[in-house]
Amino acid sequence: MDTMKGLKRTHYCGEVLTAGENVTVGGYVDTVRDKGGIIFIVLRDRTGVVQLTFNETTDKAVFEKASSCHSEYVVMAKGEVRNRESVNDKIPTGHVEIFVDDLRILAKAQTPPFEIVDNTNTNEELRLKYRYLDLRRKPLQDNIIMRSKIAKTARDYFYENGFIEIETPMMIKSTPEGARDYLVPSRVHQGKFYALPQSPQIYKQLLMVSGFDRYIQLARCFRDEDLRADRQPEFTQIDLEMSFVDVEDIMEMGEGFIKRLFRDVLDVDIPTPLPRLTYTDAMNRYGSDKPDTRFGMEITDISELVKSCGFGVFTSAIEAGGSVRAITAKNAAGTLTRKEIDKLTEYVRGIGAKGLAYVRWVEDVPNCSFAKFMAEGELDGILKAVGAEKGDVVLIVADKNSVTLPTLGALRLKVAKQLDIIPADQFNFLWITEFPFFEYNEETQHWDAMHHPFTMPMDECLQYLDSAPEKVFAKAYDLVLNGTELSSGSIRINDYELQQKMFKALGLTDEEIEAKFGFLVEAYKYGAAPHGGMGIGLDRLAMIMCGADSLRDVTAFPKVQNASELMSSCPSPVDKDSLDVLGIRVADSE
């Protein structure tokens with residue numbers, strides 16, 4: 001095996017552009033073409049590829065070494081850059097080649113378990129098992145580099161705006177934040193546990209109490225919850241907190257970052273200020289608090305039109321305090337056949353609805369699943385209200401609002417994907433504001449906090465804390481991009497007495513308050529500046545900016561659906577001695 005002695009890389013492969021230069025490059029052998037008296041090697045690194053050339057004038061030992069190379073060998077090559085006779089316009093370096101006079105084979109490679117090409121058909125499970133090989137592919141390398149640019153831009157922007165980067169602990173006290181904690185057993189304090197942070201929430205608030213009025217951190221966060229395409233058990237958020245501010249200040253700072261980020265990284269101008277919707281409006285129009293606004297198909301409430309009709313499904317839902325609502329899929333009658341509508345009916349039943357009524361308008365007379373219950377003119381009134389025309393399909397759900405709205409929200413997305421009407425090259429940002437402070441838990445018959453318990457209620461709602469929880473709204477705001485929640489934030493409570501009152505409103509006893517939040521409550525006794533902040537999901541931002549389908553595509557070493565990492569077989573058993581030191585015994589599985 002050769003060494004690098006006497007060679008020093010002067011250029012990356014993708015930077016070799018000028019004929020006449022003498023250069024030294026290093027990388028992985030992508031392909032080898034041996035034409036007998038001439039050998040071409042395509043060398044690859046993270047910047048691109050360049051062609052190495054060897055012919056009858058090449059030193060014999062160098063030529064023989066080149067003929068022994070195979071894909072994924074690690075080599076360094078030195079030589080003169082010359083213009084190529086056969087130009088390849090598909091790559092930046094396609095007009096030049098390196099005529100090699102010194103070649104070093106630094107590491108040989110056995111045949112990889114899959115071909116390392118940009119457009120691969122290899123199943124993801126195998127690629128994740130050999131993730132270090134998968135990461136050699138240009139699309140994934142570009143995604144990881146994009147993620148790095150996002151992180152750099154974030155630091156640059158917030159540093160320029162007076163923020164101080166401060167690291168908060170990775171092993172903290174377990175506190176309720178919505179998801180299950182990952183727990184770390186203590187060897188020194190047996191029977192006690194640290195938790196990995198779901199977010200740096202309490203610590204960044206304590207930093208405001210400490211007088212650091214502008215905090216920023218690219219914070220690692222951990223949540224033990226079921227995974228999906230836009231969720232990993234560990235993730236990074238661009239976490240910020242500010243003192244002496246109100247909602248507008250924080251939203252303005254966030255918008256400035258988004259505008260700067262998309263300009264610097266994608267050369268895309270995002271118009272600001274960003275549009276806003278209240279939570280109530282978003283749910284009523286889109287059935288979601290993170291709506292995708294790149295397409296229409298908004299929800300229409302037709303309750304008033306059908307409250308006295310002869311269709312019991314509609315009237316009983318309204319009488320029970322619910323509603324009847326519809327979405328109209330334009331020009332969808334050809335795609336949404338009766339068979340497809342039956343599949344959509346099964347889909348909505350699977351997510352909580354009792355069924356799906358429809359109008360499919362193909363012929364002059366619309367095909368309506370409930371036509372026999374309609375009096376003369378009633379169906380026409382519905383079609384006019386929902387903006388339906390010939391060629392459209394109207395889908396209707398009747399139930400309590402907590403079912404009707406999210407069902408139609410999910411159905412709206414599913415149908416849009418079926419119709420392929422969502423533009424892929426568009427970035428629609430949206431602020432969602434004025435969230436309800438509480439949500440009613442029907443299982444426990446109790447009002448739960450919709451956000452963490454440090455969120456400030458809107459001033460005009462404080463009077464309803466004890467008497468009418470449903471009337472209390474929060475100084476909270478989410479940033480949504482193309483139907484994905486990027487950020488959640490709020491103004492925090494900074495008053496000791498109000499914080500105590502809030503804990504009590506959530507049903508916490510004095511003992512529970514002390515055990516879970518005692519140190520924060522104690523800190524408030526010594527004066528806390530008004531403050532608020534937000535956490536922007538770096539992973540989700542990278543996923544959308546890269547046009548990726550999953551967070552796995554922008555995470556170097558991701559977990560799969562069951563929260564395991566296939567490459568390292570993590571999580572894995574631990575030997576008995578290690579558990580004994582921690583005072584832990586693993587229960588036998590039956």
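Phe311 is buried in this predicted model, with a relative accessible area of 14%.

**Aromatic pairs**

- Across the whole structure, a search finds 17 aromatic pairs.
- Phe311 sits in the loop between helix H8 (303-306) and helix H9 (312-319), while Phe373 sits in the loop between strand E15 (367-368) and helix H11 (378-385), so their pair ties together parts that are 62 residues apart in sequence.
- Trp431 and Tyr477 make an edge-to-face pair, because their planes are at 80 degrees, with the ring centres 6.2 Å apart.
- This pair also links distant parts of the chain: Trp431 belongs to strand E17 (residues 429-433) and Tyr477 to strand E20 (residues 476-481), 46 residues apart.
- Trp431 is buried, with a relative accessible area of 0%, and Tyr477 is buried with a value of 0% too.
- One aromatic cluster is formed by Tyr157, Phe158, Phe163 and Phe257.

**Charges over rings**

- Arg412 places its charged end over the ring of Phe295, 3.9 Å from the ring centre.
- Lys414 has its charged end over the ring of Tyr347, at 4.8 Å from the centre.

**Nonpolar cores**

- Which residues touch the most other members of the largest nonpolar core? They are Phe257 and Leu541, in a core of 88 residues.
- Helix H6 (residues 247-266) gives the most to this core, contributing 8 residues.
- Leaving aside residues up to four places away in sequence, Phe257 touches Thr153, Ala154, Tyr157, Phe158, Ile238, Ile536 and Leu541. Tyr157 and Phe158 are also in the aromatic cluster with Phe257.
- Another core lies apart from the largest one; it has 24 residues, including Cys13, Val50, Tyr73 and Val100.
- As general background, nonpolar side chains tend to be buried together in soluble globular proteins.

**The open sheet and its helices**

- Eight strands are ordered E6-E9-E10-E22-E21-E20-E17-E11 in an open sheet of mixed pairing.
- Strand E6 (164-165) and strand E11 (276-278) are the edge strands, each pairing on one side only.
- E6 runs parallel to strand E9 (residues 214-222), and 2 bridges join them. Here Glu165 stands opposite Ile216 in E9.
- Helix H4 (residues 138-160) packs on the sheet and touches E6, E9 and strand E10 (234-243), its direction making about 150 degrees with that of E9.
- Helix H5 (residues 201-209) packs on the sheet as well, touching E9, E10 and strand E22 (531-537), and its direction makes about 25 degrees with that of E10.
- E20 and E17 stand side by side in the strand order, and they carry Tyr477 and Trp431 of the edge-to-face pair.

**A hairpin**

- Strand E18 (residues 438-441) pairs with strand E19 (residues 446-449) in the antiparallel sense, over 4 bridges.
- Tyr440 stands opposite Trp447 in E19.
- The hairpin has 4 residues between its strands, and Gln445 takes a positive phi near 55 degrees.

Notes:
Residues are numbered from 1 along each chain as its sequence is written. This is a predicted model: local features need pLDDT of at least 70, side-chain atom pairs count only at pLDDT 80 or more; totals for chains, interfaces and linings use all residues. Side-chain values use heavy atoms; hydrogens and water are left out. Rings of Phe, Tyr and Trp (its six-membered ring) pair if their centres lie within 6.5 Å; planes under 30 degrees apart count as stacked, over 60 as edge-to-face and the rest as tilted. Buried means under 20% relative accessible area, exposed over 50%, partly exposed in between (1.4 Å probe, protein chains only). A charge sits over a ring if NZ of Lys or CZ of Arg is within 6 Å of the ring centre and within 35 degrees of the ring normal. A nonpolar core is a set of buried Ala, Val, Leu, Ile, Met, Phe, Trp, Tyr and Cys residues joined through side-chain atoms within 4.5 Å. Contact means heavy atoms within 4.5 Å. Two strands pair if DSSP finds at least two bridges between them. Axes are lines fitted to C-alpha atoms, for helices over the stretch in contact, and angles run from 0 to 180 degrees between N-to-C directions.
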